[in-house]
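Biologist: I would like to go through this model one feature at a time. Please give the general idea where there is one, then the case at hand.

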Amino acid sequence: MTTPDTHTPILDIILPVYNTERYLDQCIQSIVDQELKDWHLIIIDDGSTDASPEICDSWANSDKRITVVHKPNSGQADSRNVAIDMSTAEYVGFVDSDDRIEPNMYSFLLKTIKENNADIAICNHYNYTTMGSLCKHPDYNIEVLNHDQATELIIKDQIPSYIWQMVFRRSCLNYRMPEHVCFEDYAVLPYWFEKANRVVRAMRPLYHYRMRRSSIVHNINPQQKFAFLEAEKQRLEYYGNSKFKPLASAYITLRAIHAAKHIARINTSRKVILEYMERIKPILKEYAPKYAGKLKTKDKLLYHLLMRNTSLFINYLKMEKVLKVNKKASDRYYFD
């Protein structure tokens, strides 16, 4: 473990690393190149078995603002928790080790926080493939949200749960990321936003998210889709005793239907698909009777079809998949 200077910077940047030697230099270089110079980079090497540990140590030896911790592999959530425990700066940001950031990302977000007396600032991101970087719906306006407005957008997922495109006042990080689960950032975000009196959305793209075929987001399988639904249930439990429970309940109804749709289309055995349908149906049985009336017509019809004839529901979704024109980028455009 290397140690930083005793100076307390304004920003701690948390970088968990696991076997990303191919992209790691570019990632750290983009942090070192920040217009903001008063930062401390906390790198947690999560038991990497490639050249990542040596790359991390080399950077730490060349820049006293960088600290490296090497530990046995325990997952990204634990790595982030270790770094949060180490952090001392007033503000905290997160970067994934296969991504990169724009030179003005942190100077802009901190300036936006201070000018608006906010606790959290959010920017937008590029999806970065071998064909280049593309941002969906860039917006250069700045929107200031109070606590309730931000909470509603979190529940609706209109504030995406990508913590790497946010800067948090460290006092907001009052809840540990759940370990050994998928979508830990999705599950923890309601807790971190609870302490935020004001949130700033400045949705200009400043982060480059590298779309890799090995990423959990792109390795779509039934378990992953159901794990997302379970993370949604954790959110609902969080809002269960608040005024936001009806909205959260309505959205878990919608997410359950969408999970069933995605799983039905996955190229796996029918037995596996049916097993997951039977795990989703009790969730719908609990929440949908009260909130299904607010669904769009197609989602409402799919809900009734799933509950009354699961096999027909699966057949319909598989047929729709065959007939639908695939407008997404080919897999060959993804990084390995």
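Biologist: Which residues in α8 meet α11, and which residues in α11 do they meet?

Modeller: Keep in mind that this is a predicted model. On the α8 side they are A260, K261, A264 and R265, and on the α11 side F313, I314, L317, K318, E320 and K321. By class, this contact has five nonpolar, five charged and no polar residues. As for spacing, an α-helix has 3.6 residues a turn, so residues three or four places apart point the same way.

Biologist: At what angle do the axes of α8 and α11 cross?

Modeller: Roughly 70 degrees, and the axes come within 8 Å. Angles from 65 to 115 degrees count as roughly perpendicular, and α8 and α11 are therefore roughly perpendicular to each other. The crossing of α8 past α11 is right-handed.

Biologist: Which residues touch the most other members of the largest nonpolar core?

Modeller: In soluble globular proteins, nonpolar side chains tend to be buried together. Here the largest nonpolar core has 61 residues, and those touching the most other members are F94, F168, W192, F193, M277, I280 and F313. Helix α8 gives the most to this core, with nine residues. A second, separate core has 38 residues, among them I28, I31, I43 and C123.

Biologist: What does F313 touch, leaving out residues up to four places away in sequence?

Modeller: F313 touches A260, K261 and A264, as well as M277, L302, L305 and L306. The residues A260, K261 and A264 also belong to the α8 side of the contact with α11.

Biologist: Is L109 buried or exposed?

Modeller: Buried means under 20% relative accessible area; L109 has 0% relative accessibility, so it counts as buried. It is found in helix α4, residues 105-115. Apart from neighbours within four places in sequence, L109 is in contact with A121, I122, C123 and V167.

Biologist: Which residues in helix α3 are buried?

Modeller: In α3, residues 76-86, these are A77, D78, S79, R80, N81, A83 and I84. The buried residues of α3 pack against strands β1, β2, β3 and β4 and against helix α6.

Key:
Residues numbered from 1 in each chain as written. Predicted model: local features only at pLDDT ≥ 70, side-chain atom pairs only at ≥ 80, totals over all residues. Heavy atoms only, no water. Axes fitted to C-alpha atoms, helices over the stretch in contact; angles between N-to-C directions. Helix = DSSP H or I, 4+ residues; strand = E, 2+ residues; numbered from the N terminus. Parallel < 35°, antiparallel > 145°, perpendicular 65-115°, else oblique. Left-handed = near helix turned anticlockwise from the far one by under 90°. Contact = heavy atoms within 4.5 Å. Nonpolar A, V, L, I, M, F, W, Y, C, P; charged D, E, K, R; others polar. Buried < 20%, exposed > 50% of the residue type's maximum accessible area, 1.4 Å probe, protein only. Core = buried A, V, L, I, M, F, W, Y, C linked by side-chain atoms within 4.5 Å.
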